[in-house]
Amino acid sequence: MVAADANGNKPSPLVALLAGGIAGGVEAASTYPFEFAKTRVQLYGNEGIRNPFAVVAKVAREEGVRALYKGCSTMIFGSIGKDAVRFVMFDSIRSFFEDPETHRLGTAQSIASGMLAGVAASTVVVTPTERIKTALIDDARTSRRFRSPWHCVQLLYAEQGWRGALYSGYVTTTLKQVGTTGFRLGSYSAIKDWERSKGFAVDGPVASFANGAVAGTITTLATQPFDTVKTKAQQAKKTGTMDSVRAIMKEDGVRGFWRGTVMRLGRTVMAGGILFTANEQATKMLKIMLGQ
């Protein structure tokens with residue numbers, strides 16, 4: 001999401017789409033081992049290990065470094081599509097709410113714009129790619145039936161139909177995306193607007209990274225329960241949302257809904273900084289290349 005610059009100039013939809021896609025791909029490839037570790041912990045508890053580096057080291061030692069990137073291609077594809085959709089949608093939606101003179105939004109308006117963008121992203125891209133990524137990670141530790149993401153889709157479709165193959169966990173994924181996009185984009189936009197109103201420079205890579213990291217921290221703590229239930233519901237075998245909730249309660253009680261928080265926080269803080277920095281730098285580059 002790139003708000004208007006100091007002169008009130010906003011990127012075109014094409015630039016927003018391309019920059020969002022580039023940022024999503026860079027962010028996913030850079031932080032995937034943390035995503036893998038988080039998913040493993042949410043599915044199996046990973047024998048009580050809470051340190052994300054310890055989980056990564058254990059998997060690399062026992063299953064090989066390559067195992068840490070199981071499902072990564074699906075994650076990258078999904079992140080490119082997800083961030084392209086939500087950045088474009090957010091910029092389009094916020095244009096209806098922002099002040100025409102200052103090009104700024106209130107905090108509530110920023111969060112609402114982000115939430116609406118999250119619903120669109122979940123429906124179009126996020127739920128299908130998250131479902132396949134989680135099934136691949138689960139399968140790599142259990143039956144090892146899936147030879148590739150496409151083979152995974154084919155087998156799940158044969159067993160569960162399109163809804164089960166691609167949209168298992170849709171409700172919790174959408175709730176997570178609504179919260180994640182709302183809090184991340186909304187808080188990031190609000191932070192930048194506040195800094196700009198105080199005269200701070202907000203367009204450099206350092207400021208973008210710091211603001212993105214803060215927004216990522218807020219996002220993780222607020223939406224972790226949705227993420228945990230979503231992961232449980234998207235394992236390789238067919239599992240309903242309420243079955244997942246009951247399983248988590250039985251295994252760890254209420255605290256179980258925050259299983260994997262450390263892993264996700266480690267990834268999200270870095271991802272938030274990388275995502276917004278990459279997006280803003282890509283936007284500047286693309287505007288120059290396209291003569292805008």
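User: Are aspartate 227 and lysine 38 buried or exposed?

Analyst: This is a predicted model, in which local features need pLDDT of at least 70, side-chain atom pairs count only at pLDDT 80 or more, and totals for chains, interfaces and linings use all residues. Residues are numbered from 1 along each chain as its sequence is written, and side-chain values use heavy atoms, with hydrogens and water left out. Relative accessible area (1.4 Å probe, protein chains only) under 20% is buried, over 50% exposed, and in between partly exposed. By that scale, both aspartate 227 and lysine 38 are buried.

User: Which residues are linked with Lys38 and Asp227 in a network of salt bridges?

Analyst: The structure holds 16 salt bridges. Lys38 and Asp227 belong to a network that also links Glu35, Glu130, Lys133, Lys176 and Lys230.

User: What separates arginine 246 and aspartate 243 along helix 8?

Analyst: Arginine 246 and aspartate 243 form a salt bridge with closest N and O atoms 2.8 Å apart. Aspartate 243 is partly exposed, at 42% relative accessibility. Because the two residues are three apart in helix 8, the separation of arginine 246 and aspartate 243 is about one helical turn.

User: What is the distance centre to centre between tyrosine 157 and tryptophan 162?

Analyst: Rings of Phe, Tyr and Trp (its six-membered ring) pair if their centres lie within 6.5 Å; planes under 30 degrees apart are stacked, over 60 edge-to-face, and the rest tilted. The structure holds four aromatic pairs. Tyrosine 157 and tryptophan 162 form a tilted one, with 35° between the planes and a centre to centre distance of 4.4 Å.

User: Which helix supplies the largest share of the nonpolar patch?

Analyst: Helix 1 (13–44) and helix 9 (261–289) each supply at least two residues of the patch. Methionine 285, in helix 9, is partly exposed at 41% relative accessibility. The largest share, four residues, comes from helix 1.

Technical notes:
A salt bridge is a side-chain nitrogen of Lys or Arg within 4 Å of a carboxyl oxygen of Asp or Glu.
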